[in-house]
Every structure is written in C-alpha cells, then in structure tokens.
Amino acid sequence: MGDIIKSDKIAVDRAELEKRPSVLRGDKVTKVFGYGNSKTVAVNAVNFNFREREVISIVGESGSGKTTLAKMLLGLIGVTEGDVYFKDAKRDISSHRKKKEYWRGIQAVFQDPFSAFNIFSKIDSLLLDCINLMGGKKFSPEKKYEMMSEACSFVNLKYDELTNKYPFELSGGQMQRLMIARIFLLKPKILIADEPTSMVDACSRATILDMLMKLRDEVGMTIIFITHDIGLAYYVSDTVYIMEQGKFVEVGSAEDVIISPQAEYTRRLISDVPKIHEEWDLSTV
Amino acid sequence: MGKVILEVKDLKTKYVTRFKESVYAVDGVSLQIEEGKSLGVAGESGCGKSTLALSLMGYYFAPLHYISGDIIIDGKNISGMKPDEVRKNVLGREVAYIPQAAMNALNPTQKVIKFVEDVVRAHDKSMSKKDIYDMAVQRFEVLGLPKEVLSKYSVELSGGMKQRTVIAISTIKSPKVLIADEPSSALDVTSQKMVIKMMRELMEKGYIKAMIFITHELPLLYNVTDDIMVMYAGQIIERGTAHEMVFDPVHPYSKGLMGSIIVPEAGTRDVKLEAIPGTPPNLKKPPPGCRFAARCKYKIPTCEHGERSPRIFDNNRMHRCIHSVEYLQERYKNEREAGSKGKVSETGAE
C-alpha cells in the first residue's frame, strides 16, 4: 500500500473549486410524501451547491432520502418546497419540452443495469435516441454510425458486435458500460450516478469508476455519486455530503469528512465499515 | 495443529445445460479446515464460488452434478451419499448453508417459530412444540435476538433482522460446518456488522465448529476469516492467512483483486486502483494451461500449455503460478517503485 500522502494539494484544490461556476444549486429543497398523520418528510430543507467538474458523493444509509433527492434533481418527481437552480438560473421544467431541454444537461446512471433498458428495443435505437436528444436527428447515417462506434469504443465495447442485439443478450457489466456509452454521446453538464457499482464485483467496480473519471475529464462534467459505499465516496469525490433522515449532517472535502468526521452519525457510519489497516470494532453494535 | 473438521479432496462438480453441455464450475478443489477456524473464499463473479458452496453440502440436484472427489466432515465421508440420506443426516446437523438471499426464504404467511419447528422436526420428530420453543428462546437469547421475533411474521422484521433470524434457525441443530455465501451483501453497513458479530458468536460459543465465508468484499473477508483462498475459473489459485493474502498476495490474479480494494482510511485515496482487464474464461471449455494466462501481465509462452499444479511455499501457503514467489515479489516491488502517482491504472482492451 502507498504511503500516507497528505499534501497541501488538496487545500489548493478547494480554493480553486470554490471559484468555479455553480452548475446546480439547491435552496431549502424539501420533499414531503403523504398527508396528515402519514406525512413523511423524505428530504428536509437541504442546501447544496455543486460546481463545475466537481465530484460529489451523497452518502447515507437506506432510507436516508438520498435517492429521493436524486430524483428531484433529475426532475423525475416534483419538489414540495424550495428551489433548484441550474447554472445559476432557476430551473424551469413545467412543460415536457422544457424538461427535455433540461435533460440535455443532466443525466443519470442507475444501480440496476438490467432494468434500465427497454427490453423491446435494440441497442442501436437506444444509442440513436441519445443522438436525437442531442439534436442530431438530421445527421447522415454515416455520421451517426461514427458517433455510435466512438461511444462504444470509449467503454471498450465493439459497436459492430452489438448492433442488432437486444439488451438482455449482454452481461451485467457490458450493460453498465453501455449506460456509460450513452452518457458519452449525450455529454451532459451533470451526471447523477445512483449506486452505479453496488451490483457489480470489486474488479468491475474499478473499471467503471475508471471510465466515469475519464469521461469527466473529457466532457468536463460534474458527477454526483449517490452511494452507501463510504470507501467509494472517499476514493473518488472532492466533496462528501453525509445524509441522515433527510438532512445533511456533515459536508466537506472527502479528506475532512471521512478521516476526521465531526458528526456522531458520520463516525458511526465509518466505524461500521470493515477496514484493513485499523481494527474493526465489533462491540459497538 | 487442531482437529480437522472439514476436508475436501480434489472435488469436481459440473453443471449440465439443456443442450447437454458440461460446465466445469468446480474443478479439483482441495481444502482443509481445522476446528475453530474460518476460511474465506474470494474471487470475481463467475469464478465458481457459489457452486463450491453448493457442492460442499453434498446435496446435488440438477443441473448440478457430482463428478469425483471426497468431502469428509469430522471423519465421515459424505460425497457418495444419496440425496435423501444427505438431506436427513447431513444438512442441518453436519453442514448448514446460508445462501445469498437467505432473508427472502421466509414464507410471509408463517410465524418465525414455525420455521424453527420445521427444521427441528426434519431431524427429530419426537420433540414437542413446547420443547422446541424453549430451545429456540434459549438459542435466540444467546445470540442477542429478542425472543419476540419468534412470534412475528417475516414481513414485520427488517432486512438485517431477517438475515440474523435465518442464520439462527439454520444453525439450531448446531451443525459442524457453516457455509455462508454472501450473507451480508444485500445489507447496509450497520446490519452487516450485526450479522458478522452474530456469526463470530456462533463460533466462539461452539455452536459451529468451522466456517466457510464467501464474498467478493475483501476488506470484510479480511476482518472475518482466519484464512483466505482465491478462486479463479473453478480452481483455487492461492491460499494463505488473511493478513498474508491482503498485504502480500503472490499470484498475479490475487494481486489484481487486492488492488481493487477501496477502504475509507487515510492515505488510500492516493493509491492507484487496479482493474483486471477482460472477463473470466468460459468454463464449458476451460483453457489449457494456466486459466488466468489470457488476462495476465506476466504471461510467458509456456503459461498456455500443461496443467499448473499447486506449489506449496512458506509452510502452508499455496499458489498456482508458473513463476516463483521470489520472481513475482521482485516484479511487484519494481512496479511499486516505478508506479506513477496517477489515480487509476490503465485498463486493457477486452
């Protein structure tokens, strides 16, 4: 294992990070499900500011509201209270056309690649949809072919082997990579990755993370990881948000939050993860 | 050396598909576990870990078939037994198996105590309901489960609680060997820790004598088991103590696996993450020679010919690489020194 490097590189990075333009900002974003007695506050007045090319992780246990927040950011469910600002302008997704416009800037990769595809349409049509959404409807077939094969080769797939196939003919890892090929075509400003690696083993996890990071450098996008894997959050992100029962209990750089956590909840969460250099204390549960 | 509880000699099993093709998922596995010890099995998806777990029970049903080899539990060979006999005399008493999604095994229309009765009655018809209840209460208490669980339906329990209940039920007859296949993968970190704690207690209190723990989460394995073995394409390619395997792996495949570990600890953020290119070979037709050769960085032409036999070194460690331990360690050392500060290593082509 490598030496412990705690250079001031991280501090410099943060100052520069704060100066970058904001891509997605939330002001007291709240989501309430149900009415009266059965009212559940899933996300409780959270504030956040995601900047250009930043890698963010939102970490919490099951039921902490992280996926609800992701869905609100994507515009899949409404926001009960509060405002979301996209590139410093208030987000407007009141009509279908405006929503489509918004989705050119924000895209997602979900946990389960098996249920993310329409099983009735071929892989070609999936990739063509992306090109159409980008406004490439009038491109020549050659141009479209070129774009699709470029996207596939970016994720180590071969377009010529995939064409005319249905999604269920691929393995889980291939499907997850195809999802990333979609993102490569769309080149969104923001990518929300909801547990992108929790259904694959550790080796494929490294491959998928590698591709997402390469994509970030190439496209210059912001990536928001929604995860309960603290190791992953620590490894990839610039900023970590710890979520408990709909609220952010701790926010800060990965180094600060994971290595010297302040909130009780964060400490407990980290102590529950098995480690290899420190003793794993089983007596605390 | 303690008493050997489980001994497996050159076990071979296969799946037979609808088209009568054979898939050799466990191909010559030998292992030994002593009393009070636990063994971890690591490997990628599709390496035969779960099939090994199924095969070790000695209970074969289509499409899984037994080919050859011995499974000896505490001096008793169970490999030649008929399925019915295995079910009556081996399962639950000698071996208990916890599959991946064990918590979904509870019938939602029955109370938990009913499952306990089922398990006990399968072996001993004479026990009264009262006796079974008392026995269950006593066992649950020892393992830190509230006795109220017994009179609940499974839907009333949380995921972690369900998993712990299933483990408690399946070990109620105090089997000698517990085989746990990813028992905590579907749970969040806190429930996972509770499940692990319970399994440790089972061992410490002597309800089970030995344990096999299967998972692809290496930090977890490191914390739970005494020894780790790495499986690849149906074979064991390296075995050693947990510490040796995590900090000083020898086989290039184990090395790659250990390189994909991510833990939230200071300093690990700057360590290069390794990804092994490619996928495991098709086990319908395992490649001749070293099965990892196609994906290996240290491949030499002779790798692809002739069966690799296990090589023992350092009194009880085993590996299956053509290179010597010294050679591999030297290569790793040089690489570490030459390694750039880049975050993620290059992934090769498919």
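A polar contact is a pair of N or O atoms within 3.5 Å, where, within protein, one atom must be able to donate a hydrogen and the other to accept it, and where residues adjacent in sequence count only if both atoms are side-chain atoms. Keep in mind that this is a predicted model, in which local features need pLDDT of at least 70 and side-chain atom pairs count only at pLDDT 80 or more, while totals for chains, interfaces and linings use all residues. Residues are numbered from 1 along each chain as its sequence is written, chains are lettered from A in the order in which they are written, and side-chain values use heavy atoms, with hydrogens and water left out.

Begin by selecting the interface of chain A and chain B, where the rule finds 13 residue pairs in polar contact, both residues being at pLDDT 80 or more. Next, color helix 8 (202-219), helix 9 (230-236), helix 10 (254-259) and helix 11 (264-271) of chain A, each of which supplies at least two residues of the side that touches chain B; helices here are DSSP runs of H or I with at least four residues, numbered from the N terminus. Helix 8 of chain A gives the largest share of that side, seven residues.

Now show the side chains of D272(A) and K193(B), which form a salt bridge with their closest N and O atoms 3.2 Å apart; the term stands for a side-chain nitrogen of Lys or Arg within 4 Å of a carboxyl oxygen of Asp or Glu. Across this interface the rule finds two salt bridges.
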